[in-house]
Amino acid sequence: MRRFSAVIAAVTLTLAALIPFGPSGAAHADTTPPGSFSTSKTVSRVNINADGSQTTVDSRTVKISIDQTTQLRGRQDINVTWSGAKPTGRVTGNYNSADAPNQEYPMVILECRDTSGGGTSTPNIDPTTCWTHGWQSRFQADRTTGYGPWRLDRYATTSQRDAIVGRPNPEPAACVLFDSTTPSETWVPFVAVDGTSYPYGPGAGCGGIPPEDYTVDQTSASIPSNATFATTAIDGTGTDTFDISTAAENASLGCSDTVACSLVVIPVEGISCDLAGAGVPAADMPPASVAQQAGDTCEKTGSYQPGQVASGGQAPDLAVSGSLWWSASNWRNRIVVPLSFAPPANVCDIKSSAQPVDVYGSELMTEAAIQWAPAFCLDPKLFKFNHVQTDEQLARTLVANKGVEAAFSAKAPDGGAAGFNAPTVQAPVAVTGFSISYRIDDAQGQPYTDLKMTPRLLAKLMTESYTQEPAIAAAYTALAGNPQSITADPEFKALNPGIPINYADPAAAALLA
């Protein structure tokens, strides 16, 4: 979900043995990823000029692919890839931050609730049921002409082009001080699964925000939102690892196996401007005194070049930014992909009153056990079990001493089967694996997928030979001449040209298990 320009390594060991001498049974996992999805859509930006003629600013066919859309679980990552999209400008390093919508031409990826109840070919979704992060992504005000680009949107309804749209009535007292000089405002509330409406609004959400959102980015203390404003590379391609939320992670959104949700992908093309007032009352068009300025603002095509990194001194063009993802022009270009969810982890407690068999042992089996548990408890031929994460040696000892009925463990007790004090069955349920994984961005902010390593470079990481901090180099003379991180190592740079140097992240200096 969030990308870092750093080497991030992980070691995974998943060999375990189920050692029961109580109830017995077997489960088989389907290793084929179900529910992959791909489609394409022609998206465009077409302005209506003051004389009534039309100008096609941009038109392209965007193709998206998603590796899994069914049997999803909370905090599961799904891979979204695309091609043919408009390249992004004002690139930001964190696709999930409150600043990310300020990118120009981002690929917006949101999880949205389907109010039709699911099971239809046309999910009923609108911006109020889509989860985003930060008040800036759900509120816009124009304090100059009063005619921001969204008010000149040719695809907006008459009511959507009003001066004040979506403001609660009565207006929350905390919000009054923000609108004394605002001629135009649009509020995009979020409606929770229980019907509660959170207006958001200016001033860090003065009208109220859902409990799962937060007013400022506290990345060290808060779990990042999964609302994604991703970067499209100069060649029109992009990829994102989207973090699925269920009701267990986001109760306000409420997605589950009984509450239908969809993934909504919006290739931002920008506002299709209506400078002729086609089909709308004259009162909804800017007066002559500000018409030129309003029209010029609406027709802007970006102040940043494709791939250019965000700069504090250069503002983006609002008309093509992700902040207007909800506008009619961008919303009409959306691609909606229905999602389905696996039974929740607590389904066994809901469906079965039986006493579970506690299986103690390896924490590495946690994800597998969460997926197996519903299959066990919902099958009358099997049994209900609960995985209790403990040290493997302790779990083996508990089985040997008849303290527990079963355990997940990578080995038998010392002395083999004879180490058990009762007849015990050992059954393999998982396979040993060892991997070194990484996530690195290239100079364009895109995932680097062709990393090359050598045994020597791995040895440097394993032995923590990179200093990371200048103070470490000063304290240990043997390391004084070493690079601060692997990305600054000449050997690494020769094998992997184009990866930016990263000193800040510990994962660029050592393997993290």
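**Entry 1: disulfides**

I started with the cysteines of this predicted model, and the pair I looked up was Cys175 with Cys206, which are joined by a disulfide with an S to S distance of 2.0 Å. The angle about the S-S bond is 115 degrees, and I noted the link of Cys175 and Cys206 as right-handed. Cys175 sits in helix 1 (residues 173-176), while Cys206 is in the loop between helix 2 (202-205) and strand 11 (228-230). The pair links distant parts of the chain, 31 residues apart. I checked the burial of both partners, and Cys175 and Cys206 are buried.

Next I went to Cys273, which a disulfide joins to Cys298, again with S to S 2.0 Å. Here I read -105 degrees about the S-S bond, and the link of Cys273 and Cys298 is left-handed. Cys273 is in the loop between strand 13 and helix 3, and Cys298 is in helix 3 itself, so this bond ties together parts that are 25 residues apart in sequence. Cys273 and Cys298 are both buried.

Then I looked at Cys348 and Cys377, whose sulfur atoms are 2.1 Å apart in a disulfide. The torsion about their S-S bond is about -85 degrees, so I wrote this disulfide down as left-handed. Cys348 belongs to helix 5 (residues 347-351) and Cys377 to helix 6 (residues 366-377), so the bond ties together parts that are 29 residues apart in sequence. Cys348 is buried, and Cys377 is buried too.

How many disulfides does the count come to? I got five. With the bonded cysteines numbered in sequence order, I found the pairing 1-2, 3-4, 5-6, 7-8, 9-10.

**Entry 2: helix 3**

Cys298 made me curious about its helix. In helix 3 (residues 288-298), I found Val290, Ala294, Gly295 and Cys298 buried. Why do they lie on the same side of helix 3? Because they cover an arc of only 140 degrees around the axis. I also asked which strand the buried residues of helix 3 pack against, and this turned out to be strand 2 (37-48).

**Entry 3: salt bridges**

I moved on to charged side chains. Side chains of opposite charge can pair when their charged atoms come close. My count for the structure is 11 salt bridges.

Lys460 lies in helix 8 (residues 455-462), and Asp489 in the loop between helix 9 (470-475) and helix 10 (490-495), so the pair ties together parts that are 29 residues apart in sequence. Both partners, Lys460 and Asp489, are buried.

Lys460 also meets Glu491 in a salt bridge, at 3.4 Å from N to O. Glu491 is in helix 10 and Lys460 in helix 8, so this pair ties together parts that are 31 residues apart in sequence. Is each of these two buried or partly exposed? Lys460 has a relative accessible area of 16% and is buried, whereas Glu491, at 25% relative accessibility, is partly exposed.

Asp99 is partly exposed at 29% relative accessible area, and Arg90 is buried at 10%.

I listed the neighbours of Ile109, leaving out residues up to four places away in sequence, and among them are Val80, Trp82, Phe242, Leu263 and Val265.

**Entry 4: the whole chain**

To finish, I took the chain totals. I counted 10 helices and 18 strands. Of the 513 residues in the chain, 47% are buried. Among contacts with a separation of 6 or more, 72% come from residues 24 or more positions apart. I put the accessible surface of the chain at about 23,300 Å², with 54% of it belonging to carbon and sulfur atoms.

Terms used:
Residues numbered from 1 in each chain as written. Predicted model: local features only at pLDDT ≥ 70, side-chain atom pairs only at ≥ 80, totals over all residues. Heavy atoms only, no water. Contact = heavy atoms within 4.5 Å. Buried < 20%, exposed > 50% of the residue type's maximum accessible area, 1.4 Å probe, protein only. Helix = DSSP H or I, 4+ residues; strand = E, 2+ residues; numbered from the N terminus. Arc of directions from axis to C-beta. Areas by Shrake-Rupley, 256 points an atom, 1.4 Å probe, with all protein chains shown as cover. Salt bridge = Lys/Arg side-chain N within 4 Å of Asp/Glu carboxyl O. Disulfide = S-S within 2.5 Å.
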